[in-house]
Amino acid sequence: MKLSRQFTVFGSAIFCVVIFSLYLMLDHLQLDHTKSPNNGGDKLQNGQLSILQDKIDRLERLLSENNEIIANIRDSVINLKESVKDGRGGLDGGNMSQGPYLELLASPPLVLPIDSQDCQFATREFSKPADGVQLLDVYDLLTFDNHDGGVWKQGFDITYQDNEWDSEPLQVFVVPHSHNDPGWLKTFDDYYRDQTQHILNNIVVKLHEDSRRKMIWSEISYFSKWWDNIDNQKRDAVKSLFEQGQLEITTGGWVMPDEANSHYFALIDQLLEGHQWLERNVGVKPQTGWAVDPFGHSPTQAYLLKQAGLANMLIQRVHYSVKKHFASQKTLEFFWRQNWDPASSTDILCHMMPFYSYDIPHTCGPDPKICCQFDFKRLPGGRVSCPWRVPPQPITDGNVQQRVQMLLDQYRKKSKLFRTKVVMVPLGDDFRYAEALEWDQQFQNYQKLFDYMNSHPELHVKAQFGTITDYFNALRKSSIDPGHASASLPVVSGDFFTYADRDDHYWSGYFTSRPFYKHLDRVLESHLRAAEILYSLTLANIQRFGKLNDFPAVENNRLLTEARRNLGLFQHHDAITGTGKDMVVIDYGTRLFHSILNLNQVIVNSAHWLVLKDKSAYSHNPSKAFLQMVSKNSIGVLILVLKQGSFSPRSVVVYNPTEQDRTSVVTVYVNTPHVCVITDHGHPVPAQVSAVWDDSTTASTELSFVAQVPALGLGLYQLSTAVSGGAETAEYVFLRQGGGLSVNMKHFTVNIPQDASTPLSIHNPHIQIWSSPTTGLMEVSHLKENGSEHQIKVEFAWYGTTSNRDKSGAYLFLPDGEAKMYSPARSPVIRITKGSVFSEITTTFDHVTHTLRLYNVQGVEGQAVEICNLVDIRREFNHEIAMRLASDVDSKDRFFTDLNGFQIQPRRTMAKLPLQANFYPMTSMAYIQDPGTRLTLLTAQSLGSASLVSGQLEVIMDRRLNQDDNRGLGQGVLDNKVTPSTFRLLLEKRAKTDGGEKPSPLSYPSLLSHVSSLYLNHPLISMAVSTEAQSLSLSAFTPLASSLPCDIHLVNLRSIQSKVNDGGGPSDEAALILHRKGFDCAFSNRNTGLLCATTQGKIHTEKLFSELRFQSIIPVSLTLMHTTEGGSSKEEIRLKPMEISTYRVQLT
């Protein structure tokens, strides 16, 4: 009782302090309301407005200075709360009632408290090192003229002097490899059965025959499948090959991922899955990345490899003009540095292969006609031959001297493109070394060549088989080691998109190809992250309460592992890219779909345990689910059946998978329009009943309500039938030019006006938009906060394909000129929905159903226009459909796209390049800006995007192509589905303008943009308690003491599999992965509705969770392969801007 009184007194004291501070601040502002006694809405004169603006700025500064004091007070309250915890009372509703949660969520600060030091990162100028190469500059410099270079068609003639190697002999490392696509022309399983298992079996036998032989392997998806099927004797033989350095794992990811469409969550996850598998099974730690086939390369992948502890990497598919330039400058080997890194902490040594392909004809030197003669699989009588019509010859004593001279000439010419006397020559191709004969042909003939070279000192060459790391070690010794990191290799920053392999053949088509599956990929990603975090929190809570054998921990771990692997498999560069055969695409899609359903199970099982008030009442019954998924945005969703006329409420559990306390709209299907929603404390909740449209004019019912859910927590709501006073019913207006509309609807008010010429409008607390009455498409957007109005027109357009011999296909975008405006054959039906929770305008065209939606919510969800397109081009012939935003933003030729959802890459639209070259991948956002305004399009799926005209942004939403584009696939893209694509459009005013914007390779989203993207990609997940379990007492779950800092994202909290063979259960450890985002403070942080602050990247580990504690927290490399310096006693986590860090944690 005494403690409770203390708590009340202390709370009252804080309340008084806060009220007094606010009074002082308002006094400080000296706002004189008497100047407009009759009408508060009268506009202030300009002078008064600027005075008011100054005073608001001062208030913002005051708020930010007081931020630390408030934080201290909050910490005191939390500490006091913990000291009173044992004697606490309160409402029957779990810890939702004890925390300050409901009050907190009701009144977020007007202005986000941002530490001024956190703004310095984004304002820093880009500093190019003296020996630095910035790819934006390279693009400015290049003419892209495509001259014929002779035998090296895309290069130039290479000459050398015979005596160049007299003082230091040429070192040649021939690196045998076999590129195994986990799905392309065959499915993963079919490739494994027909080819890959034989390749791996041969590695064991053939490497043991001669200790000088070497081999590298990349894809752990295949390697693990094979490992599971071999006996212990063979496993020991494989381990001995690793120990002797004859076999090397390169990269060690689940796949060799695409680097354009993949989100960094999935890139990390597939790398982690591969590295963890290696750690558990073979104890190998990869040192070098090997990416010979992804269609363009992203610095995000370079950063992730560096963070995982790799030292080197190799890339191959880079625009032929860029390769030629790098070769002429001898910059093919470089330290790849992130644009935003002012020092060298992100540097990773990178080798760019100089020629057209990674096959043998294009890797020994510049002349493919000669190199092909040293691919001994193509010996006469075999299945493959040389297209240059000069076959290889077996090496004999009689021809060895002449053949050595030919090959050495190529090695020397290749080495002239590099800065050292060490040269790397890959020896392999797709699915090579499947037969013992090929091993003998390649290895025996090459060994004869090497023996001759090495026994003739006058040739000044030392040649051998090597792994890629053998090569990098020799390179480092030759270029870097003398007197430590000498600057003999340049530093390169930027990305290698968009790729062209010849002529105007730009690979920008695959940024969009098979968009249905690109969308499904992101749905799986958000489900996997949500399930991982909730499952890890459940395991930790079970530990805290003592073991519960009934919880299906092992089974759920198995489902999680399978989902990680299916998501990982789909990051492969022929999967998410949409460049596989139809049946292969179906195989990937089936895996994604099954994993989403399985993850729903994991989420439901974990939530079941967490929301039960009495944990002893828990029992797992697989045949009778305690909770059922009712999220509209999930798969396998049920209609929530409410019993008519009887007050028997259904409980709905809402899970917030984001690290911010959150106010968002939840939508569930219901069987009645007469519903009311209350919190678990009995407070009514804003709700709206709307129609679900089966087509443009017939419907069933859905319920949308505004949920407030703590970070990573579970909120409780009750739905019941209501005779009156329940959810408000949406009202509808239907329009069609030329009339002829009949709408049949029960329960809803429908209006079909005769005069359909006035612009349509919907609005919420932040935005008003106007749309055309003939098309329903947006034309104007008005920001209420500052009264600014912008022209933003939504348009649709068609691209055809060229009439030339080479046409667009799964990989290539080869349009027939500029896009033609979409003009429907008949007038569309326009439907306007107006409601208390959301309003929207939907237009049904023949090929796309387009919806503009505004949420009537204060904060993040209310600040953006949601755009949904349901695209159907299944009846088209060689057509691609684009959505274009045409605005009055004066962006000139500049725009910005993200790379993998991790960083922003500035772009320039170049007139010297063909149209298709100006398209770039957009994984999570693209924006255009001028000195006063930024227009950002956030996306929930990866697509190709461009800004071809100042003020425009466009995205290709789907492509239907009737022919192959001659890149090996052997088919067009004709398996189109009805495909949803979802976006949020954010218009932001720059609060601080510095006049003219200098072009810079650096740009960052605003905090609002970051959080909007997070919410778009990770919607709330709702589950209904089954009717049989309604009697059980539930309590909300609030795992965190408060939101994480605004700029810190919880990438994952991923359970780690037990090393012990206990049937594949989880260990008591998890991987905590955090990312501190770089953000631009120049945009307004008012009315975000967020309940977070920035803290210079610091998190107090003791104050992170409300009840759980860290038993241990060990900083490790990204994929847990290496323990980093810094020991394990961490009271505080500190992250630098942009940094992704992993911790091995134990929670209890």
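Contacts between residues 24 or more positions apart make up 76% of those with a separation of 6 or more in the protein chain. The model is predicted. The protein chain contains 46 strands and 20 helices. Of its 1148 residues, 61% count as buried. The accessible surface of the protein chain is about 43,200 Å², and carbon and sulfur atoms contribute 51% of that area.

**Helices H7 and H8**

- Helix H7 covers residues 188-209 and helix H8 covers residues 220-228; the two pack with their axes 10 Å apart, at an angle of about 75 degrees.
- An angle of 65 to 115 degrees counts as roughly perpendicular, and H7 and H8 are therefore placed in that class.
- On the H7 side, the residues that meet H8 are Phe 188, Asp 189, Tyr 191, Tyr 192, Thr 196, Gln 197, Leu 200, Asn 201 and Val 204.
- On the H8 side, the residues that meet H7 are Ser 221, Tyr 222, Phe 223, Lys 225 and Trp 226.

- Helix H16 runs over residues 468-479, 12 residues in all, and its first and last C-alpha atoms are 16 Å apart, close to the 16 Å expected at 1.5 Å a residue.
- The buried residues of H16 include Ile 468, Thr 469, Tyr 471 and Phe 472. Ala 474, Leu 475 and Ser 479 in H16 are buried as well.
- An α-helix has 3.6 residues a turn, so positions three or four places apart point the same way.
- Helix H18 takes in residues 553-570, and its 18 residues should span 26 Å at 1.5 Å a residue; the end C-alpha atoms are 26 Å apart, so the two values agree.
- H18 is mostly covered, with 13 of its 18 residues buried.

**Thr 363, in a loop**

- Thr 363 sits in the loop that runs between strand S8 (348-352) and helix H13 (368-371).
- The relative accessible area of Thr 363 is 1%, so this residue is buried, the cut-off being under 20%.
- Beyond its neighbours within four places in sequence, Thr 363 contacts Met 353, Phe 355, Ser 357, Tyr 358, Lys 414, Val 425 and Pro 426.
- One of these partners, Lys 414, is 51 residues from Thr 363 in sequence, with 8.7 Å between the two C-alpha atoms.
- The side chain of Thr 363 also reaches the backbone oxygen of Asp 359, at 2.9 Å.

**Ser 887, in strand S31**

- Ser 887 belongs to strand S31, which spans residues 879-887.
- Ser 887 has 15% relative accessibility and therefore counts as buried.
- A polar atom of the Ser 887 side chain lies 2.8 Å from the backbone oxygen of Gly 951.
- A polar atom of that side chain also lies 3.1 Å from the backbone nitrogen of Val 889.
- Leaving out residues up to four places away in sequence, Ser 887 touches Gln 791, Ile 792, Ile 928, Leu 935 and Gly 951.

**Arg 662, in strand S14**

- Arg 662 is part of strand S14, which covers residues 662-669.
- Arg 662 has a relative accessible area of 1% and is therefore buried.
- The side chain of Arg 662 reaches the backbone oxygen of His 1018, at 2.8 Å.

Key
Residues are numbered from 1 along each chain as its sequence is written. This is a predicted model: local features need pLDDT of at least 70, side-chain atom pairs count only at pLDDT 80 or more; totals for chains, interfaces and linings use all residues. Side-chain values use heavy atoms; hydrogens and water are left out. Helices (H or I, at least four residues) and strands (E, at least two) are DSSP runs, numbered from the N terminus. Buried means under 20% relative accessible area, exposed over 50%, partly exposed in between (1.4 Å probe, protein chains only). Contact means heavy atoms within 4.5 Å. Accessible areas come from the Shrake-Rupley method with a 1.4 Å probe; for residues, only the protein chains shown count as cover. The expected span of a helix is 1.5 Å times one less than its number of residues. A polar contact is a pair of N or O atoms within 3.5 Å; within protein, one must be able to donate a hydrogen and the other to accept it, and residues adjacent in sequence count only if both atoms are side-chain atoms. Axes are lines fitted to C-alpha atoms, for helices over the stretch in contact, and angles run from 0 to 180 degrees between N-to-C directions. Angles under 35 degrees count as roughly parallel, over 145 as roughly antiparallel, 65 to 115 as roughly perpendicular and the rest as oblique.
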